[in-house]
Amino acid sequence: MLAASTALALVATRPLLPPTPPPPLPHGRTPPAARPELRSLHVVGTSAGGFAANACVSAYVRAAGDSRGAARLSLCDPFCARADEVAPPWDDGRRTSGARLFGRDADFAEHYLNTDDIVPSTNFPLPLCYCYDVTHAKERAAFPPPDSGNWLNDLGLRLLGYHNWPIGYLARHYETQLDEDGNPLLPDHATLPRGTVVRVP
């Protein structure tokens with residue numbers, strides 16, 4: 001009971017404390033929310049990095065408020081299950097945190113999907129994103145297998161199959177487009193609706 005009371009007291013008194021400035025970022029950078037001149041924020045996450053990428057966009061949207069730049073999220077074969085969600089069926093995406101949260105706070109969220117690798121909780125389209133299924137894209141045949149010179153590392157990466165292919169596809173095709181004033185053009189979900197799946201030939 002003492003621990004609960006202490007925790008409650010800390011929570012209750014926290015707003016009375018002076019605000020603590022965030023720790024300095026390396027190389028004199030400031031967090032995106034503290035930069036009102038920011039026109040847009042584009043965050044890319046692959047595999048388990050999908051959680052960090054989604055959290056970054058959500059934190060920016062929440063902290064920057066109405067004066068923020070547009071937020072875009074690109075996810076490449078993101079791992080969608082938290083540790084407490086790892087149970088059969090792994091790839092029933094409707095029950096994972098990723099399916100419920102990934103892309104929710106972004107102005108535009110896109111998902112690059114590969115469906116035939118062995119990595120669990122990555123093989124279904126995310127409902128809050130516009131999805132490009134690149135599993136059967138012709139270009140995949142030319143995607144090189146890992147060849148770092150470290151046979152053990154390469155073996156581990158090869159066992160993942162084409163889990164890394166979606167980030168390779170995005171890297172080959174992403175291009176920043178600007179309007180006449182130099183502002184980044186952002187796709188929108190009115191044109192590319194959330195939950196839509198496009199199979200890339």
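**Exercise 1. Which residue caps the N-terminal end of helix H4?**

Solution. Keep in mind that this is a predicted model. Start by finding helix H4, which covers residues 151–159. Now look at Asn150: one of its side-chain oxygens sits 3.1 Å from the backbone nitrogen of Leu152. A polar contact needs the N and O atoms within 3.5 Å, and Asn150 is the cap. Then hop past the other end of H4, where Gly161 follows with a positive phi, near 65 degrees.

**Exercise 2. Which residues lie nearest the centre of the largest pocket, and which elements give two or more residues to its lining?**

Solution. Take the space first: the largest pocket holds about 390 Å³. Its lining is made by 19 residues, and Arg72, Tyr174, Glu175, Leu185 and Pro187 are the ones nearest the centre. As for the elements, strand E1 (40–46), strand E3 (108–113) and helix H5 (165–173) each give two or more residues to that lining.

**Exercise 3. In what order do the elements of the chain run?**

Solution. Count up the secondary structure: 5 helices and 5 strands. Then read from the N terminus, and you get α-β-α-β-α-β-β-α-α-β.

Note on methods: Residues are numbered from 1 along each chain as its sequence is written. This is a predicted model: local features need pLDDT of at least 70, side-chain atom pairs count only at pLDDT 80 or more; totals for chains, interfaces and linings use all residues. Side-chain values use heavy atoms; hydrogens and water are left out. A polar contact is a pair of N or O atoms within 3.5 Å; within protein, one must be able to donate a hydrogen and the other to accept it, and residues adjacent in sequence count only if both atoms are side-chain atoms. Helices (H or I, at least four residues) and strands (E, at least two) are DSSP runs, numbered from the N terminus. On a 1 Å grid over the protein atoms alone, a cavity is a set of points where a 1.4 Å probe fits but cannot get out, and a pocket is an open set with protein on both sides within 12 Å along at least five of seven lines; lining residues have an atom within 4 Å of a point. Grid points are joined across faces, edges and corners, and a volume is the space filled by probe spheres set on the points.
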